[in-house]
Amino acid sequence: MSATIDLRGVSKRFNRGGNELAVVDHLDLQIGAGEFVALLGPSGCGKTTLLRMMDGLTPIDAGTIHIGAERITEPSGSVGFVFQADALWPWRTVTENVSFGLEILGRPRAEYERSARELLELVGLHGFEHHHPHELSGGMRQRVNLARALAVDPEVLLLDEPFASLDAQTREVMQLELLRIWQARRKTVVFVTHQIDEAVFLADRVVVMSARPGRIRDDIAIPFARPRDLGLKRTPEFNAVVDRIWHLIEDQIAGLREVQS
Amino acid sequence: MRAVISFVVFALAWELTGRFLITGAYAFAPLSVVVVEMWRQFASGAIFPHLLTSGYELGLGFGIAAVIGIAIGVLVGVSETLADFLLPLIYAANATPIVALAPLFILLLGVGPTSKVVVIFLLCYFAVLVNTVAGIRTVDRQLVEAARAFRANRLQIVRLVMLPFAVPFIIAGLRTALGRGLVGVIVAELYGASAGLGWLAWSASEQMNAKLLFVAVTILAVSGVTCTVALDVLERRIAPWRHPPLEVD
């Protein structure tokens, strides 16, 4: 199951020390059901804020956000959110972390324990059901984080730089794992990252954001066939796309530096 | 192992001090004499009324303080408004040496156990309260956020996120409270009582009976250590993530 995401005229202002700051400004974005979209931009461009607004975690000042037919004003049952810092509850075992969402929905214990077992199998954590998060590596914790978001069987999966704190090798393994899981479950995915190669490798579409105010600057279709493997990253075609996007945002990063200095 | 060595050295030093350094029988007693006296007190049953009285005072005062302290602590920790009103007052009360009020409560409530229960309750209550509030208020926002993303309501967030997060803080509060409570028992009984370990220590010193005084103090020390260890075990059981298992090599 997957749903469309439809953002129209979405704006958000933050008040920082008396200054009104437009973080996101009249932003329109349509994402098709089952599509994998990467939101790319420099830090501070409002991409995380945009993602949080899609789950109703941050209220919007203007515009509308729809997931399927549902208008989002508060956290929705049709969305799974994967946080950047894994944000697992340290006192809960892996199974208890994964089944939290179903527990909140009041499902019977037998059901959510079975669902947790299946999901842990899917993310490759079979045998770690009764471990606590502190006993796991960073990559394993992000697998739990992913399984937890999938547990409520959401139609949309939102991921906020989920692999940012992982080392380079683990990051590549997790990118492949995410693609494998996405192929198995076919959710609509929005993946926030500031790494161009990660965005190009994972997504059907890379949406490039500009900063202050956050707007969509470019929307690039990624033509590579699926399933993809890491070999793709060594091809000239891949690097050509990465280069093109790099040039698109280069001037903007330079512009940011001027503003800051 | 090193702890055992420390204890043995301490016991030896105690014994030798009593044998050779301070030999006046009414000022000090060597360990062996204290042990014999302890045995005699337990065998004759003379110690039990004192144990029961002090145990009752501490148990009731500490128990009520723990329950109410955690309950009010969660409320104050969750509500910004309540915290704004009450926290300055709570911090002030926590910093007040409440033991100094013991004579007042004995005057008001008599020399029986009730006045001690009240003093011990107040001593313990603020320690539990302050730590519970700290635990709830320092909760990791990300953990709350994650629960919110799964559509947990306010009550569920308190029960499933804030309270478990605060457990190590609450146990730290209970540990402090217990230490204060033990002091409270003794001091409150010194001001006026008819039974209890504090009263026993005081009356033993009035009679220059050093060995009996040390019996009372030793029992208090052992109870203190036992309770602290019990709280550590409790923490390990309900908050195992605070104690990552040691690497075995």
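**Figure 1. Contacts of Leu39(A) in the predicted model.** In this predicted model, Leu39(A) touches Lys47(A), Leu50(A), Leu51(A), Val190(A), Phe191(A), Val192(A), Val207(A) and Met209(A), leaving out residues up to four places away in sequence. Leu39(A) is also listed, with Val190(A), among the residues that have the most contacts inside the largest nonpolar core.

**Figure 2. Ala38(A) in strand β3 of chain A.** Ala38(A) sits in strand β3, which covers residues 36-40 of chain A. Ala38(A) counts as buried because 26 C-beta neighbours lie inside 10 Å, and the cut-off for a buried residue is 20 or more. Apart from its neighbours within four places in sequence, Ala38(A) is in contact with Phe191(A), Thr193(A), Ala199(A), Leu202(A), Ala203(A), Val206(A) and Val207(A). From Ala38(A) to Leu50(A) the separation is twelve residues in sequence and 12 Å in space, C-alpha to C-alpha.

**Figure 3. The largest nonpolar core.** This core has 137 residues. The residues with the most contacts inside it are Ala38(A), Leu39(A), Leu158(A) and Val190(A) of chain A, together with Ile120(B), Cys124(B) and Val128(B) of chain B. The largest share of the core comes from α8(B), which gives 17 residues.

**Figure 4. Chain A as a whole.** Chain A has eight helices and ten strands. The C-alpha atoms of chain A fill a box of roughly 55 × 45 × 35 Å along the principal axes. A compact globule with 261 residues would have a radius of gyration near 18 Å, and the 18 Å of chain A agrees with that. Of the 261 residues of chain A, 43% count as buried. Among contacts in chain A with a separation of 6 or more, 70% are between residues 24 or more positions apart.

**Figure 5. The loop around Ala87(A).** Ala87(A) lies between β6 (79-82) and α2 (94-98) of chain A, in a loop. Its phi is positive, about 50°, although Ala87(A) is not a glycine. Most residues other than glycine have a negative phi. Ala87(A) counts as buried, since 23 C-beta neighbours lie inside 10 Å.

Figure 6. Arg226(A) and Pro227(A) are joined by a cis peptide bond, with omega about -5°. Most peptide bonds are trans. Pro227(A) is found in the loop between β10 (215-221) and α8 (236-260) of chain A.

**Figure 7. Chain B as a whole.** Chain B comes to ten helices and zero strands. The C-alpha trace of chain B spans about 70 × 60 × 30 Å along its principal axes. Of the 249 residues of chain B, 37% count as buried. For contacts in chain B between residues at least 6 apart in sequence, 71% join residues at least 24 apart.

**Figure 8. Where chain B meets chain A.** Here 16 residues of chain B are in contact with 17 residues of chain A. On the chain B side, the elements that give two or more residues are α7 (141-149) and α8 (154-190). The most come from α7(B), with six residues. By class, this side of chain B has eleven nonpolar, two polar and three charged residues.

**Figure 9. The loop between α7 and α8 of chain B.** Arg151(B) is found in this loop. Arg151(B) has a positive phi of about 65° although it is not a glycine. With 17 C-beta neighbours inside 10 Å, Arg151(B) counts as partly exposed.

**Figure 10. Helices α8 and α10 of chain B.** The two helices, α8(B) and α10(B) (residues 210-238), pack at an angle of about 170°, and their axes are 10 Å apart. Because of that angle, α8(B) is roughly antiparallel to α10(B). From α8(B), the contact is made by Val167(B), Pro168(B), Ile171(B), Leu174(B), Arg175(B), Leu178(B), Leu182(B) and Ile186(B). From α10(B), Leu220(B), Gly224(B), Cys227(B), Thr228(B), Leu231(B), Leu234(B), Glu235(B) and Ile238(B) take part. The residues of this contact divide into twelve nonpolar, two polar and two charged.

**Figure 11. Leu197(B) in helix α9 of chain B.** Leu197(B) is found in α9, which covers residues 197-206 of chain B. Leu197(B) is buried, with 26 other C-beta atoms within 10 Å. Not counting residues up to four places away in sequence, Leu197(B) touches His50(B), Ser54(B), Val185(B), Ala216(B), Ile219(B) and Leu220(B). Leu197(B) and Pro49(B) are 148 residues apart in sequence, and their C-alpha atoms are 9.1 Å apart in space.

Methods. Residues are numbered from 1 along each chain as its sequence is written. Chains are lettered from A and ligands numbered from 1 in the order in which they are written. This is a predicted model: local features need pLDDT of at least 70, side-chain atom pairs count only at pLDDT 80 or more; totals for chains, interfaces and linings use all residues. Two residues are in contact if their C-beta atoms, placed from the backbone, lie within 7 Å. Helices (H or I, at least four residues) and strands (E, at least two) are DSSP runs, numbered from the N terminus. Ala, Val, Leu, Ile, Met, Phe, Trp, Tyr, Cys and Pro count as nonpolar, Asp, Glu, Lys and Arg as charged, and the others, Gly among them, as polar. A nonpolar core is a set of buried Ala, Val, Leu, Ile, Met, Phe, Trp, Tyr and Cys residues joined through C-beta atoms within 7 Å. A residue is buried if 20 or more other C-beta atoms lie within 10 Å of its own, exposed if 12 or fewer, and partly exposed in between; C-beta atoms are placed from the backbone. Axes are lines fitted to C-alpha atoms, for helices over the stretch in contact, and angles run from 0 to 180 degrees between N-to-C directions. Angles under 35 degrees count as roughly parallel, over 145 as roughly antiparallel, 65 to 115 as roughly perpendicular and the rest as oblique. The radius of gyration is taken over C-alpha atoms; the globule rule is 2.2 Å times the number of residues to the power 0.38.
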